[in-house]
Amino acid sequence: QIYHLSNDGTLPYIAMEFVDGSTLKELARASQQAGRVVPIHVGIGIAIQACAGAHAAHELADTQGKKLEIVHRDLSPHNLMVTAEGHVKVLDFGIAKATHGMDKTRTGVLKGKISYLSPEQCMQEHIDRRSDLFTLAGVIYELLCFERPFLGKSDLNTMQNIVKGTHGNMGDHRPDAPDE
């Protein structure tokens with residue numbers, strides 16, 4: 001939550017909500033270091049809340065009721081915070097983009113972390129809310145399997161895997177995961 005945007009005369013600043021918690025990356029790392037897997041139902045609960053947060057941004061409208069069509073474009077374990085109470089917050093809309101009324105990203109400029117891009121981002125095509133959902137699915141896969149689903153030997157290979165849909169099989173890492 002942003003409470004206040006201003007300028008102190010020399011520098012702009014943002015007063016934001018303090019979120020008491022840990023990033024999903026920190027939680028996954030702690031779980032892995034402790035030799036414990038994240039229970040499937042916990043991962044699904046986190047996914048539901050992260051999707052709800054992304055959906056809120058996707059549905060945001062201006063004062064006339066026109067949807068802004070905001071796409072986060074950088075959802076990753078670094079940008080999902082789990083509060084001390086177990087609530088998930090979507091952080092860092094710094095590269096988010098309203099899809100209407102704005103120019104496309106310059107050719108040759110990728111926004112986001114390579115392992116968490118959607119196929120459309122890799123190919124520099126038009127993106128919409130589906131891009132965020134694709135990315136969240138990969139984030140939850142990583143949380144549950146301790147492995148990025150499309151990770152290749154190089155950034156280029158990772159992007160090729162994303163575009164081709166070449167990914168790991170959750171069942172190989174988590175036999176307790178339902179086929180669905």
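## Helix H4 and its cover

In helix H4, Ser131, Asp132, Thr135, Leu136, Gly138, Val139, Ile140, Tyr141, Glu142, Leu143, Leu144 and Cys145 are buried (buried means under 20% relative accessible area, exposed over 50%, partly exposed in between, with a 1.4 Å probe and protein chains only). That makes twelve of the 17 residues of H4, so the helix is mostly covered. The cover over these buried residues includes helix H1 (24-33), helix H2 (40-59), strand E4 (70-71), strand E5 (80-83), helix H3 (119-122) and helix H6 (170-173).

Helices (H or I, at least four residues) and strands (E, at least two) are DSSP runs, numbered from the N terminus.

## Basis of the model

This is a predicted model, in which local features need pLDDT of at least 70, side-chain atom pairs count only at pLDDT 80 or more, and totals for chains, interfaces and linings use all residues. Residues are numbered from 1 along each chain as its sequence is written, and side-chain values use heavy atoms, with hydrogens and water left out.

## Length and end of H4

H4 covers residues 129-145 and reaches 25 Å from its first C-alpha to its last. This is close to the expected 24 Å (1.5 Å times one less than the number of residues). Just after H4, phenylalanine 146 takes a positive phi of about 60°.

Strand E1 (residues 2-7) pairs with strand E2 (residues 12-16) in the antiparallel sense, over five bridges; pairing requires at least two bridges found by DSSP. Histidine 4 has alanine 15 in E2 as its bridge partner. Four residues lie between the strands of this hairpin, where glycine 9 takes a positive phi near 105°.

Definitions and conventions: Contact = heavy atoms within 4.5 Å.
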